[in-house]
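Colleague: I have just opened this one and would like a walk through it. Could you take my questions one at a time?

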Amino acid sequence: MSTPLPTPPPDELLDAALRHELRWEAPPELTNRLLQLVPSASPTVAAATSTPLPRWRFYLAIALIALAVLASILGTTYLYQIVWFQLGAGSLIAQLEALPARLLQSLYDTLPFARELVSIAALIRDQLHWLLLALVLWILLDTWQPERRLNEQSSS
């Protein structure tokens with residue numbers, strides 16, 4: 001069915017093989033059998049004309065869709081609130097907010113020198129923030145080259 005291809009260079013061998021295998025020609029008897037399934041169309045085919053929906057129906061459909069979306073959002077919110085308060089999620093969040101303070105206090109109670117370590121870490125953190133800001137400004141000013149922009153604008 002397919003014709004042999006000349007041998008391509010080695011780097012294009014896979015591409016040529018894929019192109020050769022992906023090309024498929026339908027047998028003529030299959031084509032004839034498929035064409036026999038289609039009834040012969042008359043030269044004047046009457047196109048089915050559909051009248052557009054009246055404007056009020058269009059607006060009614062939009063309004064019903066908007067109401068359905070609003071009802072689903074309100075229903076989902078209501079169910080979410082019921083589950084939220086039934087599970088006591090408010091108290092759970094309050095406990096999670098208080099957890100870091102309790103852990104820090106227990107650390108202070110077990111290791112008395114931890115208070116000084118935490119304060120030193122906070123001072124180092126503040127200094128590192130300033131250092132990071134200075135580094136970002138340095139990079140911005142180092143890459144900013146206004147004389148190049150002026151030269152480019154004057155040459156064009």
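Colleague: At roughly what angle do the axes of helix α4 and helix α5 cross?

Modeller: Bearing in mind that this is a predicted model, the axes of helix α4 (residues 89-110) and helix α5 (residues 114-143) cross at roughly 130° and come within 8 Å. Because angles from 65 to 115 degrees count as roughly perpendicular and those over 145 as roughly antiparallel, α4 is described as oblique to α5.

Colleague: Which residues make the contact?

Modeller: On the α4 side they are Leu104, Leu107 and Tyr108, while α5 contributes Ala114, Arg115 and Val118. Sorted by class, the contact of α4 with α5 has five nonpolar residues and one charged residue, with no polar ones.

Colleague: Stepping back, how many helices and strands does the protein have?

Modeller: There are six helices and zero strands, so the order from the N terminus reads α-α-α-α-α-α.

Colleague: And what share of the residues is buried?

Modeller: Of the 156 residues in the protein, 3% are buried. The accessible surface comes to about 14900 Å², and carbon and sulfur atoms account for 69% of that surface.

Colleague: Changing topic, how many salt bridges does a search of the whole structure find?

Modeller: The search finds one, formed by aspartate 126 with arginine 125, whose closest N and O atoms are 3.5 Å apart. Side chains of opposite charge can pair when their charged atoms come close.

Colleague: Why does aspartate 126 count as partly exposed?

Modeller: Its relative accessibility is 34%, and partly exposed covers what lies between under 20% for buried and over 50% for exposed. Arginine 125 is also partly exposed, because its relative accessible area is 46%.

Definitions and conventions:
Residues are numbered from 1 along each chain as its sequence is written. This is a predicted model: local features need pLDDT of at least 70, side-chain atom pairs count only at pLDDT 80 or more; totals for chains, interfaces and linings use all residues. Side-chain values use heavy atoms; hydrogens and water are left out. Axes are lines fitted to C-alpha atoms, for helices over the stretch in contact, and angles run from 0 to 180 degrees between N-to-C directions. Helices (H or I, at least four residues) and strands (E, at least two) are DSSP runs, numbered from the N terminus. Angles under 35 degrees count as roughly parallel, over 145 as roughly antiparallel, 65 to 115 as roughly perpendicular and the rest as oblique. Contact means heavy atoms within 4.5 Å. Ala, Val, Leu, Ile, Met, Phe, Trp, Tyr, Cys and Pro count as nonpolar, Asp, Glu, Lys and Arg as charged, and the others, Gly among them, as polar. Buried means under 20% relative accessible area, exposed over 50%, partly exposed in between (1.4 Å probe, protein chains only). Accessible areas come from the Shrake-Rupley method with a 1.4 Å probe; for residues, only the protein chains shown count as cover. A salt bridge is a side-chain nitrogen of Lys or Arg within 4 Å of a carboxyl oxygen of Asp or Glu.
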